[in-house]
Amino acid sequence: ASRAEGLAEQLGKEVDIKIVGKEVEVPYESLNDFFGTLVHLVRNCVDHGLEDPETRLMMGKKEKGTLKLEAYLEDRTLKLLIADDGGGMDTNVIKNMALKKGMIDERFAQSASEDEILQLIFAPGFSTKEEVTAISGRGVGMDAVRHTLNQLHGTIQIQTQLDQGTTFEIRIPNVA
């Protein structure tokens, strides 16, 4: 939470962080690598997801963005929701950047589902930023999240709506 707040401050943004499920007990040792990569996902929400206060006000939103982290156990599966109330993800922007970088071809771009396009954000080297900053644009981080989840046989789903926000839903089986 403090990292997200510090990042938001660096970016000239304000964020209200809500955490639900602090009492959930999981074997931290086996999930240590995953929790280490989770910072990339939170950083992505703050950097790419949340708008600056002026933009938010113009859109009729609260000046301060919201980042919600929710955790619970369901049938020995750890379920995490990381949600922001930011600008959402534009699949056309993702698709065009992937085409530009040669990560996909025109055939895939035409036939891919929205989910397949959204999953491109986890590809090594992918970034929608045109230039590299100290915070993002190198295309590393989200691929580490995917890699670590794959090792744990976990999944990640993305729900997004333009101007409304994005939710990442993570499921990691057999943790309890």
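Among contacts in the chain (heavy atoms within 4.5 Å) between residues at least 6 apart in sequence, 66% join residues at least 24 apart. The model is predicted: local features need pLDDT of at least 70, side-chain atom pairs count only at pLDDT 80 or more, and totals for chains, interfaces and linings use all residues. Residues are numbered from 1 along each chain as its sequence is written, and side-chain values use heavy atoms, with hydrogens and water left out.

**Overall chain**
- The chain has seven helices and five strands, which are DSSP runs numbered from the N terminus (helices H or I, at least four residues; strands E, at least two).
- Of the 176 residues, 43% count as buried, that is, under 20% relative accessible area with a 1.4 Å probe, protein chains only.

**Strand pairing**
- Strand 1 (residues 15–20) and strand 2 (residues 65–74) run parallel and are joined by six bridges; pairing requires that DSSP finds at least two bridges between two strands.
- Aspartate 16 is placed opposite threonine 66 of strand 2.
- Eight bridges pair strand 2 with strand 3 (residues 77–84) in the antiparallel sense.
- Glutamate 74 stands opposite threonine 77 of strand 3.
- The hairpin of strand 2 and strand 3 has two residues between the strands, and aspartate 75 there takes a positive phi near 50°.

**Lysine 61**
- Lysine 61 lies in the loop between helix 3 (53–58) and strand 2.
- Lysine 61 counts as buried because its relative accessibility is 17%.
- A polar atom of the lysine 61 side chain lies 2.9 Å from the backbone oxygen of aspartate 85.

Definitions and conventions
Buried < 20%, exposed > 50% of the residue type's maximum accessible area, 1.4 Å probe, protein only. Polar contact = N/O pair within 3.5 Å; in protein donor to acceptor, adjacent residues only side chain to side chain.
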